[in-house]
Every structure is written in C-alpha cells, then in structure tokens.
Amino acid sequence: MTHTDMDPGTLANVQFRQVGKPLTRTDAPGKVTGRTPYAGDYVMPNMLHMRVLRADIASARLVRLDVSKARALTGVACVLTADDLADRTAATDIPGQTGQKRLDTDQPILVRDRVRYFGEPLALIAAETRDIADHAAELIEFELEPIPGVYDTLEALKPGAPLVYGRDNIVAERKIRKGDVEAGFARADLIVENTYRTPFQEHAFLEPEVGLAWVDENDVVNIRVSTQVIEHFRPIADALGVPHNKVRVRGALVGGGFGGKEDLTVEVYLALLAKQTGRPVRLEYSREDSFVGHGKRHPFILTYRTGVTKEGKITALDVNMIADAGAYVFLSPYVILYALVAAPGPYRVDNLNVFAKAVATNNMYTSAFRGFGALQACAAYEQQMDEIANTLSIDRLKLRRRNFLKTGEPMSTGFVPPSAIWTEQCAEKAWAGLGEPTASDGPIRTGRGLACYQQSYGRLTFLHDTSEAWVGVEMDGTVVVRSGVTDIGAGQISALGQIAVEVLGVTLDNVVIYNSDSAVTPLAGTTTATRALYMTGNAAKQAAEGLRARLAERAAQEFGVTPDEIDMAFNEVFVIDRPEKTMPLVDLVRTCAAEGIHRSELAIFRAPFGDFLDPETGQGQAHPDYAYGAHAVEVSVDVETGEVEVLKSVAAHDVGQCINPAAVEGQIQGGAQNGQGYALSEEMLYEEGRLVTPSFSEYLMPTAMDMPNVECIILESRSGVGPFGAKGIGEPAMTAVAPAIANAVADAIGVRVFEMPITPERVVTALQQRDAS
Amino acid sequence: MYAPFELDIPTTLDGALAALANGGGETVLPIAGGTNLIVDIRAKRERPDRMVGLGEVDELLGMEFGPERISIGGRTTVSDLLRSPEIAHEAPSLIEAARLFGGLMVRNTGTVAGNIASGSPAADLVPPLLTLDAELTLASASATRTLALDDYYLGYKQDARRPDELITRISWPRLPENSANTFYKLARRKGDAITVTGVAVTLSVADGTCSRARIALASVAPVVRRVKEAEAVLEGQALTPALIDEAAEAAASTCTPIDDIRASAGYRRHTVEALTRRLVTQAWDRLA
Ligand SMILES: Cc1cc2nc3c(=O)[nH]c(=O)nc-3n(C[C@H](O)[C@H](O)[C@H](O)COP(=O)(O)OP(=O)(O)OC[C@H]3O[C@@H](n4cnc5c(N)ncnc54)[C@H](O)[C@@H]3O)c2cc1C
C-alpha cells in the first residue's frame, strides 16, 4: 500500500507525463515471462566448467598442495595454483573510474602460503563437465598447518594478538572532533552510555555469482558476469597483466546485488582460465560457494555516550566504533568512514567526538552491504535515542523532535546538506501510520518502535565520481538510451528510460535501453552507493535535454515561434496553448535527419568533487547529499519463549521525486524485509572463523509468513540533487528498520537486548537477567 | 555433485517390497518425496547404490476414517493432510504441524512415512502422532507387522525398521469425547524453519479429571519422545496450576537437549517447561 505526500509548495508549475507514474518497468515483461537471460543462461560451444577449491580452516600455513592427480584426470583442461600465477594479486579497493589514488589493498588471487580466512581459494579447476571439475577437486591433495588466528576484534587489538597481516591488526581509523565535547558533557543534566552490537549479514541475493568468459579474435578477454560493477575490467586487466582495453565486461540483468556483487567475485578466475585454456569457461557458484565467496556486512561494536539536558536537548556525544574487517581490506576503510559521518544520525550535535576503527581478524572479510556502515550507526544511535527518552521519561518522538537536524543546518562534518531535511514529517507520518495499538494478551506483549535515519546517496566526493549516458532518437521517433549502468533488479535502466522519454515527449513503450557493456555503452560507474539514479539519471536527463534543445529549435523554426514555446508530449511536438500548431515527432525527426541535425547526445554528469575530510577534525563534505526518513513498527513478544512477531511495519521516506513510485515501493518493501531479518533472525555464525551457518537452512531470512504488510508512505520534497529533484531510496529503505524493531521489542518487554539479531533466546536471557537483578 | 545410483520405480507395493528385499549386499533405500534423502545424498551423508522410488505405488496412498480408527497411507503428503477436513477435525495437532511445515514445495512432496523414517529429532509430524498413540504398519516381502510409534525409535537416527521394510500405513484411535489435541512449533522464524522446541499435547477429560494425558517433545532429545514422567503427573487428576507446573517441570527435567546453532540446551529446557505449561493449561481450561 502506498500513498504519496507532496509539499504543496513544490507542486506548482510541475507537470510530468511519464515521470512519477507507476509505469510497468521496461524490464518487467521479460522477467515475468522468463525470457530475460541472466548471466548464468549464457553458454558457448566448446565451453569448460570451472570449480574453485577452498581452504577449510581459517588460519593456516599451506604446507603442501598437490594437483597432479587432478591434472591427470581425463576431462580436466587446466588446474591453476598460486605457483602458476607468479605474484599476481587483485585489488580489493573501491573501483576508481576517475583516476583517483587507490588504497593499497591487493590480495593474492590464490593462496600461496598463508590462509587467512575460511574459504580462501587454493586452486582453480576447468574441466569438460561440472562433474569432472568436482571430481578433480576431490583429487587435489593439500595440507594446512593451523596457525593461531584471531576471531574477535577486541582480542585482535590486544598486544601480542596474532597478526592477520601487516604490522598490527588496525586496518583503518577515522575521527571527528567537533565543538567542545567536555564542555558539552559539563552542561548535561544526564549522561547516558550504552554499547550496541550488530552482526554479520549475508546479501543472500537470489542469483549466486556466475559468469562466462572467452577470448575473442582481437585477444580481448570478454566476461559475461552478474555484477554491480562492469568497470572492474580495469583491476581484472591489471591482475592478468594485459592492457585495460583488452578486457571487456558485459553485464546482464542481475538477480540482486545489495553490495555483494560490488567487489570482484568470479571475474578474475574466469579471465585467468579463459586466457590459459583459450576456451570459453563458465563458473557458477553454488549457494554454499556464495556464502564463502563474497564479503559480508561488518559487525560493529558501537559505544554511545550522550549528554542531554532535562528537556532532552543533546549537549555532547562521544562515539566509539569498532568494525570487524575480516581477513582482507576490501572496502572497510570506506565503510567506517560512512559510519563515522553518520554517527549522530539526523540530529544536530554541535559537540561531537567520533572514533571509528576497522580491525583485521581471521573471520570472513567484510565489505559493501546496503547501508554501508551508516546503517550500523543507525542501529546504535536510534536505540540510544530510545534509551535517553526512557531515562528522561520523555516521549520518544518528542525527544527526537527536540534534536532533529533541520534544513540548512550543518551535519556531523560541518557540511550543510543542499536538500530539504524532512525527517520530522517522515517520523510523524510513520508513527501515525501504526494506527490503533494492538493490545497485549497474557504472555504476548505488544510494543512500538520508531527509528529515523540519515543516509547518503552518491559516492564519496573525493572519488570525483562521473557518469555518462547517450540518448538518441531514431527516424521513426523511437528512442534509444545507452549507458553502462548495471541494473541489479531495482529498475535502474527503466528509470533512465522514463527520464529520457519524459524529456523527449514520447511514451515508455517507445524506448529501448542498452546497458552494462564496458566496451560499447558509455561508462556510467557503479550501481552502488544509491548512486545509479542520482548519477546516471542526471546524465540521461542532460543527454535527453541536449537532444531536445536541437529538436525544439528546429520545430520552432517550422512553427515560426521561439524554442521555449515548444512542448513535446505523447509523441507529438506542439506550440504551447496553440493546439492547431502540432506535428508528429516522427515528422520532425525526419526533417532533422534530412538536414543533418544531430539526433543523439552523449552527456557526462559530474558529482561535486571534493577532498578528503580533514584527518584531525573529520570536517568537510563527505557526500553530495543525504536522504532522510523514518520507519515505525509494532511487534508482539512472547515473554515465555522470546519469539518476536512484527505486526505492523510502516515506512515514510522523502525520496525527493519519485521517478517510478512502484519501483520505489519495491525498494521499501525489500528494505523492510532485509532489515527485519537483520534485526531478528539472520545470523552468520563463525567458529574459529569457520562458517557454521553455510546455507539457507541455517541462515534464516524472513519468509512471506514472517512479514507483515508493509505500508509505504512516500514524501516528495523535490529538493534532491538527482534528476527532477530525486534523492535515492535503495539503501535508505533498509537503514532504520532494525533499530525500529529493536525499540519496539524493548518497548514491549521493558528491557533492551543490546545485541542483534534479537533472537528468542536473547529475549529470554534479557528478561531472566532483569528478573534476577 | 551426486554419486551415481540405480533407481527402481515399481508400480505395486509387492514390486517395491521385492526390490527392497533383493539388496544383495548393496545399500538400497526407499525414496518417497526425497525432501530428506536428496539433501542427504547431496551432502554425502547417504550414498545409496540403489533407490526404490515409491512415487508410483498407489497402495501407499489413501486415508480411511473408520468408526474406531483413522488410518493414512505412508505416502500421504503434508499437503494431503492440510487438504483433509476430517484430519482437521480429528487431529488438529497434525494440521498445526503441517501448516508450519517447510514451504509449499516441500509440503507438496514430503510424506508422513518419510518424516517418521527420517528419524530426525526435529520431525514435526512425530510429536502429534505420538500423542495420538499412533501405530505403524511395517511390511516386507515376507511379513507384515504393526508397531507402536512409541516403540519405533531406538536412538539417534536409529529405528526398529529393518532395511527391507516399508512403513505402509500409520493409524491411530479416534480421540475420546472431550479431548484437546495441540502442537506448538517454536522455531527461529515462522516459515520454513527447523524446530527449536516442539511440544504436542493431547488431553482427555472425563468426570472432571484428566483421563488421559500425552505429551511429546521434538528437538530436545536424540529422538522425538513422549515424556511419560510428565503425563503421569496429570493422569487421573483434576488439574490445578500446581499440578500443571509439576508436569511442566517434569517435562523440562527429563528432556536431554543439546546446544546447537539454533539454541542452547538451557533455552530449550526453559521453553519445554513454558510451552508444556501453556498447552496443558489451555487444553484443561477448554475441557474442564
Ligand atoms: C526446505 C525443507 C524444509 C523442511 N521443513 C521441514 C519441517 O518444517 N518439518 C519437518 O519435520 N521436516 C522438514 N523437512 C524434512 C522433510 O521434508 C520431511 O522429513 C519429510 O516428511 C520427508 O518426507 P519425504 O517423503 O520427502 O522423505 P524422503 O526424503 O523420501 O525419505 C526420508 C527417509 O525416509 C525413508 N522413507 C521414505 N518413505 C518411506 C517409507 N514409506 N517407509 C520406510 N522408509 C521410508 C527414506 O529411505 C529416507 O531414509 C524439510 C526439508 C526441506 C528440504
């Protein structure tokens, strides 16, 4: 269920024909009828099948690796080990399409002598069939000599702890020093201090990692792969030792990403074996491979110390965050930067100290996941707000209202977000959306929780992010859009189409979008960081507007008016308010073609370019802009068994401007589910780094039976820096869900479970501890 | 991924039993829905040389509702149970277990006999059937016998079934007047999850006293089992909160749960006590 609220002040003079309507997405018919090929559907003649052999303990020395029996097996084309790869490494840093300096984060492609995490790849096998590849894997003999590892961040920080790599286990540190925290605490009537813990999380996309690679007649390594980032062609080429223009990544529609296909997954393995064998090779991860084959969400330990006045005004905040980076760097330095910036949440805190640290362990490496550190911060700051409200006996919404950051005010980094800040409107609507309270009944206690958030959209400004799109109009008036953007299921490409046809005055069924080919479509950057609509949407809009200007100029000449009197809608070109002066778009386009007027446009959109935040104070501009909103839930808790049921789930987000409300609602529904699993049931358990929840029978995402109806309230401030004032909703949809649930559980039972997931057992333990004290 | 195996697909019960009888030193396993067995083969926990598919043996289907007893074929699926109004009336606990069983695809293929024969301590249909005093018909090519379900499990993944036997039918007596029959599945989520604690209770009341009490527990011992110590506390008594507490405590103290990734032994014991108390109280309040 969705309703849309608009600020009356922003409505004037805006009339959309295509944008803002819940149109059938361009990718929908193919998916619904099963005609859409995903990366795993591509096969080639003479193709080989791959398999990755992985280490089965987390911290060890590889003392022996004997692949001779596997190589001798009939049907095995190739077995690669680290010995065959010289000292080849692959970068695990953020893909830089902008030439910015990267961190030094390279990881060996295959284990040479040291295993640092459970599942680290030892060998790559290519064979005529999958069964033969599996058999070959069984024939590989290896011996791992265990080395003491470290599996807990606090242990890893102790002197004398086993080193994962490097000189110490500190991967990155960041800080904010703003105002005068000591003075702020001195002014406080009350200081509230709590520590919150958040868990690992698995992306659990429907489509595990899969790809097909082949070397073409120009010696270009082609890789058809399920990815969020086709611009990995550069690190792939670097890993292979070939020029960048000799690797071409072609995406496909992706069966879910959530950050889990942001890093390299199968690409380098495929490329190496395609080059080595000269034959097409295909690699498809099983679900179990996928669980150990990509990084997880960082678990955090977050300590919040907040000073408040009796009236509930925050006077000072001191935050300490420790994130488990796992065994390799990947995106950890950036994840803690997001957490740092998000630390106070959507609240005005002038006296602020934040310290964030990413710590290496021999757990699975951690990297991007929807929310990217800012979500973990929200899990803590919103629980902390409820703890403060309870201690002060102030209404929870009222406490938040006293502290909300308002439009035009500086956030944690001193930066003033350029858009409207509608947290308060969202919070009120979400809270009211819960309706009448459900009564408690015996051991079944009900409770309510609210959480508000601030989440960036667009990448870090020091990355100097850009995105390109091409828009052209064919001679029959149909439209073509080309852009490298990958569509990971959220409707990214359909949104580009909707934007282009809005500007060009045609209908959505008249557009075809070509995307996700690193050699042929204009490079658009990554589909990550809630940036695709913001960046590529702006690029597509610019391209369409450039083209429209030329068409309008020619039409104005035809009608004897000025170009600003021309409008284009529903495949017609006409003079505004003069219905008799009209012609079909196709006639105008033919005229343009005959006269050699350029019927296409390539545009580049540049996000604001910035510098690193000040290393001492953390002040500066981290992101282009921020999205704000709120989530409210009602739960029931069985105080005897500890079971939690989410009864109502209401989201209210200011998305700036909906391009397609149906797609926005899809993101919100998905975010509600993703956050609910994170709060309650999803658990990646590691024992000495070994994953003991390696499949969907142990790793429990909410099913349809666990989900309530999710109510979506969409607000449109039209103030965002995306196309038509859009913000972003991909990540924001999830951010506030888990703390809202945690707050509702605490409200229901009168005691807080400080660690997620809030399992039935943790609820029972918290109640028992309270009763004992 | 799968080790090779032979597959027989007999169309008669005799054919199936004959196929099972002629093992000749090979590992021969019956396969019904395959929702346990295929998972086990993929994980290399089972390596049958040959399997005997039961999918075409219609003699293993069918429900009979006699005046005294109810009998269902071993190949009855979980969805078949859910579609039967008679079962809903006669064995509400079985319906509750079936309702929360796996997902739709698993319910459509997983069978009652497969659930029993899998020997899982978490098998959801078994606690309800134990509290209904269910009896199994075990047939081999040479003989047919009946065995109380209560006597079927010998230890963790060990049962009284000989390798050449099939569970052909499951039957139980109709409940006496004034009976309650309930099941509670406690799991880490609502849909498609392995039971953390399962409690089934059947209570009959006559002349103001509890004439018959059955309590069976899943996932808190190497096998699904009745807790007769708790039943004995209740039978023949007019129930009071104190008696019910005593029974709940008896259930908790006689079960032997372990710690696993889903829950600790302590939590399981705690919930056995709470749920036994809850289900018995609800049943008694409704009947007395
Ligand atoms: C996703 C998923 C969810 C599940 N959820 C649940 C759940 O919620 N609750 C639950 O209890 N179980 C669950 N299971 C386990 C399984 O589905 C059930 O145990 C089911 O009842 C097994 O029946 P089947 O016919 O598929 O057995 P099969 O896999 O065919 O066989 C299981 C065992 O029984 C033997 N067998 C089968 N039929 C007979 C017979 N007639 N006589 C003698 N032996 C026989 C087989 O040889 C084998 O050893 C789940 C499984 C999956 C994959």
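**Interfaces of chain B**

In the predicted model, chain B and chain A together bury about 2200 Å², with 50% of this on carbon and sulfur atoms; buried area is the accessible area (1.4 Å probe) that two parts lose on being put together, summed over both. On the chain B side, B:Arg188, B:Arg189 and B:Ile261 account for 31% of the area buried against chain A, more than any other three residues. The contact (heavy atoms within 4.5 Å) involves 24 residues of chain B and 30 residues of chain A. The model is predicted, so that local features need pLDDT of at least 70 and side-chain atom pairs count only at pLDDT 80 or more, while totals for chains, interfaces and linings use all residues. Residues are numbered from 1 along each chain as its sequence is written, chains are lettered from A and ligands numbered from 1 in the order in which they are written, and side-chain values use heavy atoms, with hydrogens and water left out.

Five salt bridges (a side-chain nitrogen of Lys or Arg within 4 Å of a carboxyl oxygen of Asp or Glu) are found across the interface of chain B and chain A. One of them joins A:Glu683 to B:Arg188, with the closest N and O atoms 2.8 Å apart. Strand β11 (179-187) and helix α11 (265-287) of chain B each supply at least two residues of the side that touches chain A; helices (H or I, at least four residues) and strands (E, at least two) are DSSP runs, numbered from the N terminus. The most, six residues, comes from α11(B).

Chain B is divided into domain 1 (6-53), domain 2 (58-173) and domain 3 (179-287), with bounds from an automatic or database domain assignment. The centres of domain 1 and domain 2 of chain B, taken over C-alpha atoms, are 19 Å apart. Their contact takes 12 residues from domain 1 and 17 residues from domain 2. Between these two domains of chain B about 1100 Å² is buried, 68% of it given by carbon and sulfur atoms. Within domain 1 of chain B, B:Leu13, B:Leu17 and B:Thr35 lose the most area to domain 2, together 42% of what that side buries.
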